[in-house]
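Hi,

Here is the structure I promised to send over.

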Amino acid sequence: MLFYIQIFSLALSLITIYACLKWLRNNAVYRIALWAVALIVDAIVYFVYNYTGAGYLGIMLLVCIPFIFRKKDKEQNEG
């Protein structure tokens, strides 16, 4: 059971990072919501199952903050 939870947590985090950086460039609300859901799931898996890999995935999501939450003027220049 823990194996499936680990794979789900890993897949969710990596797909979230890719989706926030590539697919959801123009929609900030969906980008923030998807990022927050993945971070909350990683935190729950870390605390409930004591799986340190989920903690590291959460740190990866936190490192992606500057790339996901871009400034408004940069988004206007790209659009």
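Let's start with Val48: this residue is exposed, with a relative accessible area of 58% (buried means under 20%, exposed over 50%, partly exposed in between, with a 1.4 Å probe and protein chains only). Before you read on, note that this is a predicted model, where local features need pLDDT of at least 70, side-chain atom pairs count only at pLDDT 80 or more, and totals for chains, interfaces and linings use all residues. Numbering runs from 1 along each chain as its sequence is written, and side-chain values use heavy atoms, leaving out hydrogens and water.

Val48 sits in helix α2. The chain has five helices and zero strands (DSSP runs numbered from the N terminus: helices are H or I with at least four residues, strands E with at least two).

Val48 also belongs to a nonpolar surface patch with Leu2, Ile40, Ile44 and Tyr49.

Leaving aside neighbours within four places in sequence, Leu12 is in contact with Ala38 and Val41 (contact: heavy atoms within 4.5 Å). Among contacts between residues at least 6 apart in sequence, 56% join residues at least 24 apart.

Cheers

Technical notes: Patch = residues over 30% accessible without salt bridge, like charges linked within 9 Å, V, L, I, M, F, W, Y side chains within 5 Å. Areas by Shrake-Rupley, 256 points an atom, 1.4 Å probe, with all protein chains shown as cover. Salt bridge = Lys/Arg side-chain N within 4 Å of Asp/Glu carboxyl O.
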